[in-house]
Amino acid sequence: MNTFYYYLLLLSILLVSSCGFDKAPSDPNVIFILVDDLGSPQIGAYGSEFYNTPNIDQLAKNGMRFNRAYASAPLGIPNTGS
């Protein structure tokens, strides 16, 4: 009789855990755009009136913009001297 209650308890735990009550929230979507020789003044979201960038402007409007970045060298890669 004790094994019956054991299996009943095990079955109830499995059923409750499969219901999805404790699911973690989904991760946010991230789009990272890396472009060579494109300055932020050339994008409409950052004030350009000359270049037409409607898709990037819409992403910037609905998402998060990062206005500052740091490069450790004036070139794309540091000059090693060789």
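## Surface, loop and rings of a predicted chain

The protein chain has an accessible surface of about 8400 Å², and 60% of that area belongs to carbon and sulfur atoms; such areas come from the Shrake-Rupley method with a 1.4 Å probe, where for residues only the protein chains shown count as cover. This is a predicted model, in which local features need pLDDT of at least 70 and side-chain atom pairs count only at pLDDT 80 or more, while totals for chains, interfaces and linings use all residues. Residues are numbered from 1 along each chain as its sequence is written, and side-chain values use heavy atoms, leaving out hydrogens and water.

Of the 82 residues in the protein chain, 6% are buried. Buried means under 20% relative accessible area, exposed over 50%, and partly exposed in between (1.4 Å probe, protein chains only).

| Residue | Relative accessible area | Class |
|---|---|---|
| S48 | 14% | buried |
| F50 | 70% | exposed |
| Y51 | 40% | partly exposed |

S48 is found in the loop between α1 (2–17) and α2 (54–62). Leaving aside residues up to four places away in sequence, S48 touches P41, Q42 and I43 (contact means heavy atoms within 4.5 Å).

The structure holds one aromatic pair. F50 and Y51 form this pair, with 4.9 Å centre to centre and 90° between the planes, which is edge-to-face. Rings of Phe, Tyr and Trp (its six-membered ring) pair if their centres lie within 6.5 Å; planes under 30 degrees apart count as stacked, over 60 as edge-to-face and the rest as tilted.

Terms used:
Helix = DSSP H or I, 4+ residues; strand = E, 2+ residues; numbered from the N terminus.
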